[in-house]
Amino acid sequence: MNESTRLDVVGRPARRKDAGEKVRGKAGYTTDISLPGMLHAKVLRSAIAHARLAGIDASAARELPGVHAVLTRDEIGDDIAPTYGYFIKDQPIVALDKVRYEGDTVAAVAAETEAIADAALRLIEVEYEELPPVASIEDALSDGAAELFEEAPMGIVPAYGAGASAELRPRSNVCYRFNYETGSPDVFETCDHVFEDTFHFSRMQHFHLEPFAAVAQWLDGDRIQVSTSCQNPFALRKELGRVFKLPENNISVRVPFVGGGFGSKNNCKAEPIAILLARMTGRPVRFALTHDENFLTNTQHAAILKLKTGVMKDGTLVARDSEIFLDSGAYSDASPLVAEKAGYRIPGPYRYRHIRTSCYCVMTNTAPAGPFRGFGGTQTSWACESQMDMIAGRLGIDPLEFRMKNLIDLGEPFVPGESGMDSDLREGLELVAREIGYRERKRNPLPNRGVGLALGFKDGGGVNKPAQARVKVSTFGDIFLHCGTVEIGQGAHSALAAVVAEILGAPAGRVRYMPINTDHTPFDQGTNASSAISVMGQAVERAARSLRAQVLDFAADRLGAEPQDLDLEDWHIRKGNEALPLAPMIMGYFGGTGWEFTADGFHKAETDHAAPLETQCVFWELGWGAADIEVDPDTGLITVHKLVVSGDAGQAINPLVCRGQDEGAAVMGLGQALFEEMVYDGTRLMNGDALAYRVPMAQDLPQEFVSITQEQGHGPGPFGAKGMGEGGMLPVAPAIANALFDATGVRVAALPLSPPRVKAALEKNS
């Protein structure tokens, strides 16, 4: 890239597009929207985990002054499809026949104020017929367990390629199972050693600062207009069209800035209730959940992972069988998508002759689970990288050398039919090993101190994901970028604008990223899978290059020159030593009103049935991590003295933003490793609020925190860029667990690595 795009005129990193608004407190979020006559929605949540709804009496609530509508199952008519979901349509707008977790939505109220709505909720009487609860994965899979769904909800299984398959409801309380196999399990018989280990992964909350929120209007002609805090406005529009049985051109979804999502703000959340209440009242309705309600809406999957790995005595990996059980909670949400990713990623970036995996989505009477940063990679990196160290130790091989021996080479396919690895895995691993002082520490160990390494690994860019973009330039060179990538805080708008500026030879400040409105923004599948620069970036690049060609063709025609002899620079045409302004040229041809040049770009990976997920991976997202820790043997407290994380940006469009993404991800990984866990007493969430739920604080940061942005240059995006933002989270927990073993000889196979859990393991080992 030109330095002019990456740096401003005084040599400082180019400023983010959203920096000024956010620093001044001027940035607009869904929660800030206020419309004339707007009502406020609140919902009644079940205090019982599993019960049939015998009756609901909302008459007193409807009579309360200031209440305009009360929504219960009785208001759900035949003109509405009452349930929604990704692959499986099982989550009701409000409870229909049953409640399935403590926090399930039973009724909703629209009132003049939130206080009145809350008062109305207390007047609603609900009669429950309690059913046996299913609190955990083990409970759900036990003989005779109560079924959350006696009848199968509507669902689909997408097409898969070679070696991959899936099925709906393979057994009681399992809504989906993903399978993958390549090679032959017979090779286990040739292995010198076969190791079997089980790992437990804790449930986290996304803890985004902006709650789920939607402001909806039901307009004349059965038109819906909704502003929402969501990551995939076009997929949401499609699902709302299905739920409300309306054509999509009757539904306008608008997305302002989003105050964090980390995967949770996909598909329907607050929108259906806000829209239904708007239809019932004829008034705009704002439905903004509280932070505590976020805990009851979407979570990360807790998991049990069982690994069986065959290896030769010289450390050569041969075979890997895996069983993964994801706790999907009460509704499927995106569990099938997470299952296919977890099931696909469980081998890690290593070379095997045989791989077989099954991943089960297990239904329990707890809060629904869905996408979370890393999307199945957090669970699988934890188990895979923990077992890598365990196997190395059993064979008497250094864990670093064991990994180096088995890592996939640059350009080598992950599995048959898949794309080649686009990062040098050994280069990255050596980088973090040097930074942590791995070999020196192994030669000179310290009491109660340990070092550990890990790799995080995921396929990036989404599966079969399309993206469109449009670039327009006005007479005077003002640039409009239209695309559906949502700004969640990750800096995507700045990076995509920088791509356009680079190609059009313009200062980055001249590019404006236009507000997202599904009525006129080009299509995008969603802002997830680190796909902004890798997928949408390619669509943006093609649109910008097409527009540049148009401008040069126009100028060549006006100047009697060949396009290849011209260049575009700051909205001037450079011809030899001449710099000719474009604006007079444009108005001289099109008239005083001028003209807009416009071009569209599109990208989608080609469908490939030889690839297990039906398209080859767009890019591979890696995170390398290393930790230097100290353990207090009296308390089990882990102190992280130094944490090193590194990701490969391919080409960093904005180096400072890339660094921030990796560091933010690493701190989330630190939380997963040491603190974060949604604690259930049976089916009751015990720490579902910001005070009780422990996240990393400033004093928890490592004494040394080093992030290294690699630019290996092999990415598919503009100028060789790759997606970032998830990989930095993945290696942190296993690296710390591996360092814990190095320090104490104790292996803890469950997260978080809290003082009581570590202390208990130390005492058991003593």
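Author: **A helix and its cap**

Helix H11, which spans residues 399-406, is mostly covered, since six of its eight residues are buried (buried means under 20% relative accessible area, exposed over 50% and partly exposed in between, with a 1.4 Å probe and protein chains only). Those buried residues are Pro399, Leu400, Phe402, Arg403, Met404 and Asn406. At the N-terminal end, H11 is capped by Asp398, a side-chain oxygen of which lies 2.9 Å from the backbone nitrogen of Leu400. Helices (H or I, at least four residues) and strands (E, at least two) are DSSP runs numbered from the N terminus.

This is a predicted model, in which local features need pLDDT of at least 70 and side-chain atom pairs count only at pLDDT 80 or more, whereas totals for chains, interfaces and linings use all residues. Residues are numbered from 1 along each chain as its sequence is written, and side-chain values use heavy atoms, with hydrogens and water left out.

**Single residues elsewhere**

Asp333 sits in the loop between strand E19 (317-329) and helix H9 (335-345), and it is buried because its relative accessible area is 6%. The side chain of Asp333 makes a polar contact of 3.3 Å with that of Lys269; such a contact is a pair of N or O atoms within 3.5 Å, where within protein one must be able to donate a hydrogen and the other to accept it, and residues adjacent in sequence count only if both atoms are side-chain atoms. Once its neighbours within four places in sequence are set aside, Asp333 is in contact (heavy atoms within 4.5 Å) with Tyr86, Asp90, Lys269, Asn298, Ala369, Gly370 and Pro371.

Gln91, in strand E6 (residues 91-92), is also buried, because its relative accessible area is 12%. Although 240 residues separate Gln91 and Tyr331 in sequence, their C-alpha atoms are 5.8 Å apart in space. Leaving aside neighbours within four places in sequence, the contacts of Gln91 are Pro82, Thr83, Tyr84, Tyr331 and Pro368.

Gly155 belongs to strand E10 (residues 154-155), and with a relative accessible area of 28% it is partly exposed. Its C-alpha atom is 7.4 Å from that of Leu168, a residue 13 places away in sequence. With neighbours within four places in sequence excluded, Gly155 is in contact with Phe87, Ile88 and Leu168.

**Two crossing helices**

The axes of helix H15 (residues 532-559) and helix H16 (residues 582-590) come within 11 Å and cross at roughly 75°; these axes are lines fitted to C-alpha atoms, for helices over the stretch in contact, and angles run from 0 to 180 degrees between N-to-C directions. H15 and H16 are therefore roughly perpendicular to each other, given that 65 to 115 degrees counts as roughly perpendicular, under 35 as roughly parallel, over 145 as roughly antiparallel and the rest as oblique. From H15 the contact involves Val551, Phe554, Ala555, Arg558 and Leu559, and from H16 it involves Leu582, Met585, Ile586, Tyr589 and Phe590. By class, this contact has nine nonpolar, no polar and one charged residues, where Ala, Val, Leu, Ile, Met, Phe, Trp, Tyr, Cys and Pro count as nonpolar, Asp, Glu, Lys and Arg as charged, and the others, Gly among them, as polar.

**Domains**

The domain assignment divides the chain into domain 1 (33-131 + 207-294), domain 2 (302-462 + 610-765) and domain 3 (465-603), with bounds that come from an automatic or database assignment. Taken over C-alpha atoms, the centres of domain 2 and domain 3 are separated by 39 Å, and their contact takes 19 residues from domain 2 and 19 residues from domain 3.
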